[in-house]
Amino acid sequence: MAAPFTTLSEFQTVLSTLAGPDAEAVAAVRARDAQLTKPPGALGRLEALAEWYASWRGDASVRCERPQVIVFAGNHGVVAQGVSAFPAEVTVQMVANFHAGGAAINQLAELAGAQLHVHDLALDAPVADFTAAPAMSEAEVVSALSAGWEAVDPEADLVMTGEMGIGNTTSAAALAAALFGGEAEEWVGRGTGVDDVGLAVKRRVVSEGVARHGGQAPLELLRCLGGRELAAMAGAIASARARRIPVILDGFICCAAAAALEKAVPGALDHAVAGHRSAEAAHAKVLDALGKEPLLDLGMRLGEGTGAALAVQILRGALACHHGMATFAQAGVSEG
Ligand SMILES: O=C(O)c1ccc[n+]([C@@H]2O[C@H](COP(=O)([O-])O)[C@@H](O)[C@H]2O)c1
Ligand SMILES: Cc1cc2nc[nH]c2cc1C
């Protein structure tokens, strides 16, 4: 479906008119949950997850049967400064690996029964080095947001956004620092495993980027400090909301991009849960700022949508219990 915006300002308007959760579905889930054969609250967060999922699908009886993982790949001009442990060509090489089925996300998407779609976004034309210029023009960021918007399968019943982009933890750190404030170094980590020299460069670069572009509106910050894959993830997350498709967020880069939506329009991420907490330390800070408690914490820092894809099983567990359990009356179990 064509994206319903052609400028950043129209995208902001689309964001601010998105529908909320379905109160009837929430009431129906709560009523059934109260009758299930367990002490009230004994399934902990699984109960809230079942309610959350139904509230965004607008239907208390649905399960998760058509999940979609979308991986966006982009390249970053800032890599020339030495901010990553890996060279920029790894981005296109990993895209080939995704297509060949050899990456971690191929394994985890298959395990989750999810379709996996990979979109490479102008890999031969990295976004500009944000220490020298805005990373993207308005036309470029709108094009990336649109690519994300259109990548969502309208028939999907769960969307997970992932990314691949050498250098993108530097973009994500700069974007998070500009959105949430604080010193640049608080948002900078080792990414793919940069050494101490690279880490010092990364801190300087993020600090320069924030000094140059900070203080602007959230979507402008996404344009000036982000990358095509970050903007595309934001577009896909917004698109899922428009189609009442719940979202599981992935790691640091995904959540930094998503944070631009929440800062632009508070509540824009209410249809999204955090799949996991990445080992990139700033991810925990973004999750705290967004008020999102991750489902998993496995020390992963891969990206690609891997943490989100693993978390599908937790959601499935919540829905299996909610729909499959007997009530006290059905099972002849005495209530407390
Ligand atoms: O998802 C995360 O939290 C995460 C943390 C660190 C690194 N990554 C991945 O590593 C790449 C970026 O790392 P870097 O060091 O090149 O900025 C990019 O392809 C990401 O998918 C991902
Ligand atoms: C090999 C490799 C795989 C990745 N997957 C996501 N980011 C990555 C970064 C590297 C370097």
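## Ligand 2

Ligand 2 is surrounded by F86, V90, M94, M164, T192, L302, G303 and E304. A residue counts as near a molecule if its C-beta atom, placed from the backbone, lies within 6 Å of it. This shell holds five nonpolar residues, two polar and one charged.

The model is predicted: local features need pLDDT of at least 70, side-chain atom pairs count only at pLDDT 80 or more, and totals for chains, interfaces and linings use all residues. Residues are numbered from 1 along each chain as its sequence is written, while chains are lettered from A and ligands numbered from 1 in the order in which they are written.

## Ligand 1

Around ligand 1 there are 25 residues. S84, G191, G251, S278 and G303 come nearest. By class, the shell splits into 12 polar, eight nonpolar and five charged residues.

Three elements each give at least two residues to this shell: β3 (158–164), α7 (168–180) and α11 (252–264). The largest share, three residues, is from α7. Helices (H or I, at least four residues) and strands (E, at least two) are DSSP runs, numbered from the N terminus.

## Strand β1

Strand β1 covers residues 67–73, and seven of its seven residues are buried. Buried means 20 or more other C-beta atoms within 10 Å of the residue's own; exposed means 12 or fewer, and partly exposed lies in between, with C-beta atoms placed from the backbone. In a regular strand the side chains alternate between the two faces of the sheet. Both faces of β1 are covered. P67, V69, V71 and A73 are buried on one side, and Q68, I70 and F72 on the other.

β1 pairs with two strands in the parallel sense: with β3 over seven bridges, and with β2 (residues 115–120) over six bridges. Pairing requires that DSSP find at least two bridges between the strands. V71 has a bridge partner in each: G162 in β3 and V118 in β2.

## Overall fold

The protein chain has 14 helices and five strands. Its radius of gyration is 20 Å, close to the 20 Å that the globule rule gives for 336 residues, so the chain is as compact as a globular protein of that length. The radius is taken over C-alpha atoms, and the rule is 2.2 Å times the number of residues to the power 0.38. The C-alpha trace spans about 70 × 40 × 40 Å along its principal axes.

Of the 336 residues, 54% count as buried.

Methods. Nonpolar A, V, L, I, M, F, W, Y, C, P; charged D, E, K, R; others polar.
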